[in-house]
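The report below walks through one protein chain, from overall confidence and content to a few individual residues and the surroundings they have in the model.

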Amino acid sequence: MPRDGKRRRRLAPRVAAAAVTESSSAWGSLHEDLVQLIAWRVLDTGDLRDYVRLRAACAHWSSSTASPRGRGVRDPRFHPRRWMMFPEGHGLFPGHPNLAGHVRFLNLSTGALVRAHLPAFFHGFAHVALDSADGLLVLYRARDTAVLLLHPFTGDVAELPPLASLFPRAEPRWYWQRVGESAWLATALWRVSGSCVSISAAGDITVMLALSSSSRNQLLLVYATAGDRQWNSAAGDEFRGLWRWVASQGKLYATRYLESSGGDVGRAGVYRIDPPRAEGSPSLEKIAEFPPEASSFRLVECGIELMLVGDTGTRMVIYRLDELVAGKIAPVTSIGGHALFLGERSICVMSTNFPSILGNSIIRWLDRLEVDELRDNGIDMEARELVAQYDMVNGAWSRAIDGHITRPGPSPSSLIRHIYTCCFQFYW
C-alpha cells in the first residue's frame, strides 16, 4: 500500500503535465482569425504589454497576430497611451550621462515600471523631449531642429519637418535648458504647451503643436504630416488666448476666457481643435462654457472621458465635458479610484494600484493666496504646504508632499512627488 501510494505520487506530475500539454495544444490550434480577435480584445481592454505577452505564448499565436514593431507609430492601436516618462529625481533628467541611455516609464493605470534603453535618442543631448502625445515621445533634434515621434517600446520613429521652417514667420524665443551639472543648452524653440497626433485611414501621421511664448504673450498653432518639407501655421487670431491644453483621441482641447460686450473678461469656454483634413487647416470650435459656480478650470483626461476640474475657493468641483456639451450642468460626486494630478499638464492615475495615493482625490499646487484663503476659512494649512490633496468624499484638504515641487524635497522622495513631477516640463 505505501509503495502504491508513492507510485501514484510519482505518476501525478506526469499526468498533470500531459493534461497541460493537451490543453496547450488545444489553445495553440485556435483558428488564426479567432486568435486575432482575442489579441485585439486584449489590446483594447488591457495594455500593450499584455498584447506582447499573448504573442509570446506560442509560435502560432505570434504568427497569427500583428507585430507592434514597425507599426508602433502609424497604428494608433499600439500607442502606449497610459505610459508616462518617469523622472528619476536627484537631477537625473532623461538623457543625463549617469543614466547611460536608460529611461523609465510608468503605467498610470497599473503602476508598472519599465526601464527602456534609448541611447540613440538621448546620447550627447542630441535630442530633447518636448512632450508626450498618446504615450509617444515628441523629440526635438538639436542638429537640424527636426521633430520626431518616438515609440519608446518598439523604437519606431516618424520624422516631421524641422522647426526652423517656422522661423521666417515667427521669431523664436531662445531659452536655456540645463543638460548637466554645469552645462546649459540654448534652444531656439517656443514653449510646447500642447501636442497631439492623429492617424488618417490611409496611415498618414499628422502632428499639431501649440507653441506659446509667455514673454510675448503669443500662441502659434502649427501642424505637419510626416514626409512634409515644412510646418504650416494656422492663420488668424482665433487661437489667441487659449491655454491649459490637453490632447484626447487625436484632437486638442483648450480653455479661454471670453470678453463681455463691455470688454471685460467674464465667462470662459472650452474649445476643441480638430486636425486638418485634406488640404485644409485645423478647425476651432467652442463646445462648452464653464459652469458659473467655479473658476480656474483645468481639463484632464480621466479614463476615456475628459473632465473639467475647477475650484470654488475652498472646495473642488468636477464636470464631465460631454455632459456640459449636452447642456447638463451637474458636478460629478465621485471619480471612483482615480486621482487627478493638476499641473502644467494634468494626468489621471488609477489609485487602486498605488497604495500610497488616495482614490477619489485631486492633487494640485496652491499658491500662497490660496493657502491663506483656506486658512481664513478654518482649514489648517501651513504656508509651506503648496502641494495639497483634496478628498472628494469629505471635502477635506491635506498635505500631499513636503516642500515646494520645483525644489528638492526630503529624501527619499514620495511616489506622489515623483508622479507630480510628470506634470511639469521643467522635469522633462
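Strand 20, which covers residues 316–320, has four of its five residues buried, and it is therefore largely enclosed by the rest of the structure. This strand pairs with strand 19 (residues 305–311) in the antiparallel sense over five bridges, and within that pairing Gly 310 has Val 317 of strand 20 as its bridge partner. The two strands form a hairpin with four residues between them, and in the turn Gly 313 has a positive phi of about 110 degrees.

The mean pLDDT is 78, with 74% of the residues reaching 70 or more. Over residues 1–23 the pLDDT is below 50, and this stretch has one contact in the model beyond near neighbours in sequence. Residues 169–188 also have a pLDDT below 50, but that stretch has 46 contacts beyond near neighbours in sequence. Where pLDDT is low, the predicted coordinates should not be read in detail.

Taken as a whole, the chain has eight helices and 25 strands, and buried residues make up 47% of its 428 residues. Among contacts between residues at least 6 apart in sequence, 45% join residues at least 24 apart.

The largest nonpolar core has 22 residues, and those with the most contacts inside it are Leu 149, Leu 209 and Trp 231. Several strands give two or more residues to this core, including strand 4 (127–133), strand 7 (157–162) and strand 12 (218–225), while strand 11 gives the most, with four residues. Leaving aside residues up to four places away in sequence, Leu 209 touches Val 138, Val 192, Gly 194, Ser 195, Leu 220, Leu 221, Val 222 and Trp 231. Apart from this core lies another, of 20 residues, among them Phe 86, Leu 106, Ile 347 and Ile 401.

Helix 3 (residues 48–55) has Leu 48, Tyr 51, Leu 54 and Arg 55 buried. Seen down the helix axis, the buried residues fall within an arc of 115 degrees, so they line one face of helix 3. Those buried residues pack against helix 2 (32–45) and helix 4 (59–64).

| Residue | Relative accessibility |
|---|---|
| Gln 389 | 9% |
| Trp 61 | 14% |

Trp 61 is found in helix 4, and, leaving aside its neighbours within four places in sequence, this residue is in contact with Trp 27, Gly 28, Leu 30, Val 35, Leu 54 and Arg 55. Of these contacts, Leu 54 and Arg 55 are also among the buried residues of helix 3. Trp 61 and His 31 are 30 residues apart in sequence, and their C-alpha atoms are 9.6 Å apart in space.

What places Gln 389 among the buried residues? Its relative accessibility is 9%, and a residue counts as buried under 20%. Gln 389 lies in strand 24 (residues 387–391), and, not counting residues up to four places away in sequence, Gln 389 touches Leu 358, Ser 361, Ile 362, Ile 363, Ala 396, Trp 397, Ser 398, Ala 400 and Ile 416.

Key
Residues are numbered from 1 along each chain as its sequence is written. This is a predicted model: local features need pLDDT of at least 70, side-chain atom pairs count only at pLDDT 80 or more; totals for chains, interfaces and linings use all residues. Side-chain values use heavy atoms; hydrogens and water are left out. A nonpolar core is a set of buried Ala, Val, Leu, Ile, Met, Phe, Trp, Tyr and Cys residues joined through side-chain atoms within 4.5 Å. Buried means under 20% relative accessible area, exposed over 50%, partly exposed in between (1.4 Å probe, protein chains only). Contact means heavy atoms within 4.5 Å. Two strands pair if DSSP finds at least two bridges between them. The arc is that of the directions from the helix axis to the C-beta atoms. pLDDT is the predictor's confidence in each residue, from 0 to 100.
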